[in-house]
Amino acid sequence: MTAATPPIRTLIASAYAPAALFETGLGAITPVIPLLAVRLGGGLGEGALVVALLGVGLILGDVPAGALAARIGDRRAMLIAALVAGVALTGCALAPSLLTLALGVLVVGAVSAVFHLARQSFLTEVIPVAQRARALSTLGGVGRIGAFLGPFLGAGLLHLAPLRSVFWLAAGMSLLAGLVVALAPDVDRDGATRAAHGAGPGAWALLRRHGRMFATLGLAVVLVGAVRATRQVVLPIWSEHLGMAPATTSLIFGLSGAVDVLLFYPGGRLMDRRGRLWVAVPSMLILGGAIALLPLTGSVGTLAVAAMAMGFGNGISSGVLMTLGADVAPPEARATFLGVWRVFQDSGTAAGPLVVSLVGGAIGLAGGIVTMGVAGLVGAAALARWVPRWSEHANARTRAAAARRRLAP
C-alpha cells in the first residue's frame, strides 16, 4: 500500500470518473432491455428474465474478476473490462434475436463484475487505511449517481433516436471509461508487483482458509445486500398497490434516490473516524425498519417519509460492504479474496427481490415486504456480532486492541 494518498485528480481519473461513466451506461440500458426483448419477439416474462441476466452475469463474473485482477493488475483488468463491455453492448445494439440480446446482457453483467472488483481493489491498494472508508464510499456514491442519471440520459436520447440507440450510448460510455483509465497516471504499483510475482492463493483455497469468517460475517453481507436491493423493488410496487399515479411513484423514488446520493461521503467519513459499526448497524436498523413499516403507509406523505428514511439508511451505508471486504482481505491475495467476497454481496442483491416475490405470493405483498424489513434488523444484529471479531476497524475499542497487539513483544 502506498504511504500517502494519491492526488485527488489522479483518483478521479483512475477510479471515480470511470465508475460514473460505466454506471451511467448501465443505468441507461437497464429500463430499455425489456423493451428491446419484447420487440425481438419475447413476452414481458422473457424481458424481465433478460434484465435479470445482468445480475446473473455479475455473480458468475465475481470470482474470475478477482483472479484476473490478481494476475494482471487492477488497471489492466479495468481496461479489458471496458473494452469487452463496449463490444458486448455493440452486440446488444445489433442483436437480431432475443438469444443474441440475452447473451450480450449476460456478458455485460460478467465484465461489469471485473470493472467493479478492479476499482475496489485499486482503491484499497493505493488509499491509506485511515481514509479507506470515505474513498470506497465515494466510489459507491459516484456509481449510484451514474446509475441515477443514466435512465434520464437514455430517455432524452429516445426522444431523438430509435430504441437501440441507448445501447450505442452505453457502448460509448464504456469505451470512454476505458479511455479515461488508459490516460490516467499509473499508480497501481502493488498491482504490477502482483502481476510480476503471481496471483497468490486461488479462490477455493481462500474460501477454505477463511471458511469460518465467510460463514459468519459472510452471512451478514448476504443479508445487507438483500435488504439494500429490496428497497428498489418495494417502493414502486407498494406505490402501485396504493393506486398512485406513475408520475407520483417516480417522484417519490427520485426523492429517495436524492437523499441516498447526498450521504455517501458523510457515511464514509464517519466510518473512518469512529469505526465501521457506527454506520453499518444504524444503517441496517433504519433501512430494515423503514421497509418493515412500509405496509403501514397509505398516503403520498407517509410513503415519501418512508422513502426518504430508506434513502438515508441506504445512503450512509454506500461503501460499508466494500470497506469491510477491504478490511478483512489478506494483502497477499486481496483481489482474489474480494472476488469471493462480492459473490456473497451480489448473491444477496439477487436474492432480496426474489424473497419479496416468493413470500408475497404466498402470504401477500405486505408479508413479503415485512419479511425483508425483518431481514434488515437481523442483518444489523449479525454485523454487531461479527464485525468486531473479524475487523480491527469495527470501532475505537477494536482499533485500540489491535494497536496493543502490534506493540506487544
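Biologist: In which helix is the place of glycine 379?

Modeller: This is a predicted model, in which local features need pLDDT of at least 70, side-chain atom pairs count only at pLDDT 80 or more, and totals for chains, interfaces and linings use all residues. Helices are DSSP runs (H or I, at least four residues; strands are E, at least two), numbered from the N terminus. Glycine 379 falls in the run of residues 365-390, helix α17.

Biologist: Is glycine 379 buried or exposed?

Modeller: Buried means under 20% relative accessible area, exposed over 50%, and partly exposed in between (1.4 Å probe, protein chains only). The C-alpha atom of glycine 379 is separated by 9.4 Å from that of alanine 280, 99 residues apart along the chain. Because its relative accessible area is 0%, glycine 379 counts as buried.

Biologist: Where in the protein chain is confidence lowest?

Modeller: pLDDT is the predictor's confidence in each residue, from 0 to 100. The protein chain averages 89, and 95% of the residues score at least 70. Where pLDDT is low, the predicted coordinates should not be read in detail. Helix α13 (residues 277-293) has the highest mean, 96, and the lowest, 48, belongs to helix α8 (residues 189-197).

Biologist: What is the relative accessible area of cysteine 92?

Modeller: Cysteine 92 sits in helix α4 (residues 74-93). Leaving aside its neighbours within four places in sequence, cysteine 92 is in contact with Leu36, Leu101, Gly104, Val105, Arg164 and Phe167. Its C-alpha atom is separated by 8.7 Å from that of tryptophan 168, 76 residues apart along the chain. Cysteine 92 is buried, at a relative accessible area of 1%.

Biologist: How many residues apart in sequence are the parts tied together by arginine 334 and glutamate 125?

Modeller: A salt bridge is a side-chain nitrogen of Lys or Arg within 4 Å of a carboxyl oxygen of Asp or Glu, and the structure holds ten. The side chains of arginine 334 and glutamate 125 meet in one (3.2 Å, N to O), and both residues are buried. Arginine 334 lies in helix α16 (residues 334-363) and glutamate 125 in helix α5, so the pair ties together parts whose separation in residues is 209.

Biologist: Which residues are linked with Arg134 in a network of salt bridges?

Modeller: Arginine 134 meets aspartate 272 in a salt bridge (2.8 Å, N to O). The pair links distant parts of the chain, helix α6 and helix α12 (residues 264-274), 138 residues apart. Both aspartate 272 and arginine 134 are buried. The network links Arg134 with Arg132, Asp272, Arg276 and Asp327.

Biologist: What is the relative accessible area of glutamate 332?

Modeller: Glutamate 332 forms a salt bridge with arginine 209, with 3.6 Å between the closest N and O atoms. Glutamate 332 is in the loop between α15 (320-328) and α16, and arginine 209 is in helix α9 (residues 203-209), 123 residues apart. Glutamate 332 is partly exposed, with a relative accessible area of 45%.

Terms used
Residues are numbered from 1 along each chain as its sequence is written. Side-chain values use heavy atoms; hydrogens and water are left out. Contact means heavy atoms within 4.5 Å.
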